[in-house]
Amino acid sequence: MKYSLIFLFFIPQLCFSQGKYSYEFSSLLEKKFVTEKDLSLLKGFRYEQGIILGEISENAPYYLAFEVFRKANVRVVIFEKMVNPETKTKSVIEVLKFSNVLKNQEVRVSGCSRKNPYPDEKIVAVVTNNTPKLKILQAFVLKDSRFEKLDIKKIKCINEIDY
């Protein structure tokens with residue numbers, strides 16, 4: 001009985017947290033695709049950037065990646081997994097949508113961490129770009145294949161102007 005109660009309360013929380021910040025893009029979750037053209041919700045969006053997470057090895061059965069797509073002031077971040085390297089088929093694991101991203105702002109899928117970093121943490125942030133003082137506006141961490149919102153006061157991002 002005790003385990004049934006745990007199952008009833010804990011498992012739905014995990015299920016409902018996936019796609020929590022994807023809004024109208026939640027139907028992309030678990031979709032299989034080869035290119036973004038296979039994802040009809042991304043029609044009119046343009047590929048902006050991406051990053052492969054971890055090491056790519058010919059012996060590895062799959063890899064993980066973030067890809068960012070843009071349309072006007074909307075950015076969509078897709079966390080994906082390669083499910084078939086031979087056919088180049090990928091599967092969407094999680095989606096994160098940012099609205100109202102201004103011209104002086106960008107979505108970062110690398111170069112950000114907590115001030116007291118946790119090893120191998122994957123952080124996605126919206127920051128001001130091309131300014132002397134980088135300002136973090138929003139930040140999310142990928143935890144257990146789901147995005148969780150972070151306190152921006154605890155995040156730092158590399159300011160590329162300094163280099």
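**Loop residues, sheet, cores and aromatic pairs**

Asp-144 is exposed, at 61% relative accessibility; exposed means over 50% relative accessible area, buried under 20%, and partly exposed in between, with a 1.4 Å probe and protein chains only. The model is predicted: local features need pLDDT of at least 70, side-chain atom pairs count only at pLDDT 80 or more, and totals for chains, interfaces and linings use all residues. Residues are numbered from 1 along each chain as its sequence is written, and side-chain values use heavy atoms, leaving out hydrogens and water.

Asp-144 sits in the loop between strand 9 (136-143) and strand 10 (146-149). Helices (H or I, at least four residues) and strands (E, at least two) are DSSP runs, numbered from the N terminus. The phi of Asp-144 is positive, near 55°, although this residue is not glycine. Ala-72, also a non-glycine residue, has a positive phi of about 55°. Ala-72 belongs to the loop between strand 3 (64-71) and strand 4. Its relative accessibility is 64%, so Ala-72 counts as exposed.

Five strands make up an open sheet in the order 1-5-4-3-2, with antiparallel pairing. The edges are strand 1 (32-33) and strand 2 (46-53); each has a single partner strand, so one side of each lacks a neighbour in the sheet. Two strands pair if DSSP finds at least two bridges between them. Strands 2 and 3 run antiparallel and are joined by seven bridges. Ile-51 stands opposite Phe-66 of strand 3.

Arg-75 lies in strand 4 (residues 74-84). Its relative accessible area is 3%, so Arg-75 is buried. The side chain of Arg-75 makes a polar contact with that of Glu-48, at 3.5 Å. A polar contact is a pair of N or O atoms within 3.5 Å; within protein, one must be able to donate a hydrogen and the other to accept it, and residues adjacent in sequence count only if both atoms are side-chain atoms. Beyond its neighbours within four places in sequence, Arg-75 is in contact (heavy atoms within 4.5 Å) with residues including Glu-48, Phe-69, Leu-96, Phe-98 and Val-107.

The largest nonpolar core has 17 residues. Such a core is a set of buried Ala, Val, Leu, Ile, Met, Phe, Trp, Tyr and Cys residues joined through side-chain atoms within 4.5 Å. Among the residues with the most contacts inside it are Phe-66, Val-77, Leu-96 and Phe-147. Strands 3, 4, 5 (89-98), 8 (122-128) and 9 each give two or more residues to this core. Strand 5 gives the most, with three. A second, separate core of 13 residues includes Phe-45, Phe-69, Val-74 and Val-76.

The structure holds six aromatic pairs. Rings of Phe, Tyr and Trp (its six-membered ring) pair if their centres lie within 6.5 Å; planes under 30 degrees apart count as stacked, over 60 as edge-to-face and the rest as tilted. Tyr-21 and Phe-140 form an edge-to-face pair, with centres 4.8 Å apart and planes at 65°. Tyr-21 lies in the loop between helix 1 (2-17) and strand 1, and Phe-140 in strand 9, 119 residues apart. Tyr-21 is buried at 15% relative accessible area, and Phe-140 is buried at 2%. Tyr-21, Phe-98 and Phe-140 form one aromatic cluster.

Phe-25 and Phe-45 also form an edge-to-face pair, 5.7 Å centre to centre, with 90° between the planes. Phe-25 lies in the loop between helix 1 and strand 1, and Phe-45 in the loop between strand 1 and strand 2, so the pair ties together parts 20 residues apart in sequence. Phe-25 is buried, with a relative accessible area of 4%. Phe-45 is buried at 15% relative accessibility.
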